[in-house]
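Here is a short note to read alongside the model. Keep the viewer open and find each residue as it comes up.

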Amino acid sequence: MKIKLKAAILGMLAVLMLAACSKDEPDTPTPPEPPKGQRLVKSATSIEGGKTYRTDFYYQNGRIKRAEWSALDRDPIEFETTHYAFESNKIRIDRDGKMSIAVLNDQGYVSYVTDDKMSPTNFTYSDNLMTSQGKINLWSANYTWNNGNMVASRIKFNPGQSSTTYTYSNIVNNPLCNLDLNFANAISEELFVECGLAALGYCGLRSKKLISSIAVKGNHRVDITYTLDKDGFVTKIVYTYTDRGDETCEIEYY
């Protein structure tokens with residue numbers, strides 16, 4: 001379940017065009033003002049295996065309201081819409097009728113997520129860095145950090161396990177971009193958090209730099225390069241795989 005910014009996301013991580021902001025709703029708390037200079041991702045469009053996917057993002061008061069993903073090459077075009085509704089310490093998520101609730105801790109990060117089957121995914125943190133997540137008796141994931149970057153993950157499930165390592169570029173993971181673009185592609189599934197919550201900033205601090213490579217032990221590796229605009233915001237990402245052709249993701253901002 002990535003935010004499907006995955007080209008779009010990921011999610012996480014395409015889709016339609018509507019207004020960037022909707023009218024305030026009386027039962028929706030007004031979030032704090034976004035940081036000065038922050039830019040909101042409008043869309044992410046990826047080409048994967050010759051197919052085009054797009055996600056459009058819509059906001060209210062600078063906070064995510066809706067993400068619409070589409071597979072543009074399918075006939076008819078396939079759509080998926082995720083709605084986010086905020087309460088004092090919860091985020092209610094409706095992904096085409098599949099409901100989830102994320103409960104936040106005192107720092108505003110996800111403590112646990114329940115789905116429509118009420119099966120919780122639990123999260124732990126150290127110094128506001130996500131160190132683990134998992135479902136009891138089903139799977140667990142542990143994350144290793146170094147110098148402010150997540151450098152390894154290990155996921156255990158029945159049966160088996162998966163180990164992934166990450167290296168980083170010298171490019172700063174721009175804190176003024178509202179989405180964490182380290183989650184912009186399916187390869188980031190080893191970092192995956194349900195419903196795009198990691199890319200949206202609800203799963204602890206983001207890595208300080210942008211990922212330059214991801215290697216899944218015994219499986220594949222991808223090298224990642226970025227194009228930035230004059231203000232340091234990513235406008236294009238290229239993923240070069242060892243086992244298939246390149247993929248691209250182009251980012252637009254409001």
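How many salt bridges does the structure hold? The structure holds 12 salt bridges. Keep in mind that this is a predicted model. The points below start with the overall picture and come back to these pairs.

1. **Overall make-up.** The protein has zero helices and 16 strands. It has 254 residues, and 50% of them count as buried. The protein exposes about 12,500 Å².

2. **Strands S5 and S6.** Begin with strand S5, residues 90–95, and strand S6, residues 98–104. They pair in the antiparallel sense, over six bridges. The hairpin of S5 and S6 has two residues between the strands. In this hairpin, Asp 96 takes a positive phi near 50 degrees.

3. **Strands S6 and S7.** S6 also pairs with strand S7, residues 110–115. The two run antiparallel and are joined by five bridges. Follow Val 103 across to S7, where its bridge partner is Tyr 112. The hairpin of S6 and S7 has five residues between the strands. Here Gly 108 takes a positive phi, near 90 degrees.

4. **A link across the sequence.** Now turn to the aromatic rings. The structure holds five aromatic pairs. One of them is formed by Tyr 59 and Tyr 254. Their ring centres are 5.9 Å apart, with 80 degrees between the planes, and the pair is edge-to-face. Tyr 59 lies in strand S2, residues 51–60, while Tyr 254 lies in the segment after strand S16, residues 247–253. The pair therefore ties together parts that are 195 residues apart in sequence. Tyr 254 is partly exposed, with a relative accessible area of 36%.

5. **A tilted pair.** Next, look at Phe 86 and Tyr 202. Their ring centres are 6.1 Å apart and their planes are at 40 degrees, so the pair is tilted. Phe 86 lies in strand S4, and Tyr 202 lies in the loop between strand S12 (161–172) and strand S13 (209–216). This pair therefore ties together parts that are 116 residues apart in sequence. Both Phe 86 and Tyr 202 are buried.

6. **Arginines over rings.** Stay with Phe 86 for a moment. Arg 63 lies over the face of Phe 86, at 4.0 Å from the ring centre. A second case is Arg 39, which lies over the face of Phe 233. There the distance from the ring centre is 4.8 Å.

7. **A nonpolar patch.** Which residues make the nonpolar surface patch of about 230 Å²? They are Leu 72, Ile 77 and Phe 79. Ile 77 is found in the loop between strand S3 (63–71) and strand S4 (78–86). Ile 77 counts as partly exposed because its relative accessibility is 36%.

8. **Back to the salt bridges.** Side chains of opposite charge can pair when their charged atoms come close. One example is the salt bridge of Glu 78 and Arg 74, at 2.1 Å from N to O. Glu 78 counts as partly exposed, at 35% relative accessibility. Arg 74 is partly exposed too, with a relative accessible area of 37%.

9. **Two further pairs.** Asp 231 forms a salt bridge with Lys 230, and their closest N and O atoms are 3.5 Å apart. Lys 230 is exposed, with a relative accessible area of 78%. Asp 231 is partly exposed, at 48%. Arg 244 forms a salt bridge with Asp 243, with the closest N and O atoms 3.6 Å apart. Arg 244 counts as partly exposed at 42% relative accessibility, and Asp 243 as partly exposed at 44%.

10. **A network.** Finish with a group of three. Arg 54, Asp 56 and Glu 252 are linked in a network of salt bridges.

Conventions:
Residues numbered from 1 in each chain as written. Predicted model: local features only at pLDDT ≥ 70, side-chain atom pairs only at ≥ 80, totals over all residues. Heavy atoms only, no water. Pairing = 2+ DSSP bridges. Helix = DSSP H or I, 4+ residues; strand = E, 2+ residues; numbered from the N terminus. Patch = residues over 30% accessible without salt bridge, like charges linked within 9 Å, V, L, I, M, F, W, Y side chains within 5 Å. Areas by Shrake-Rupley, 256 points an atom, 1.4 Å probe, with all protein chains shown as cover. Salt bridge = Lys/Arg side-chain N within 4 Å of Asp/Glu carboxyl O. Buried < 20%, exposed > 50% of the residue type's maximum accessible area, 1.4 Å probe, protein only. Phe/Tyr/Trp six-rings, centres within 6.5 Å; stacked < 30°, edge-to-face > 60°. Lys NZ or Arg CZ within 6 Å of the ring centre and 35° of its normal.
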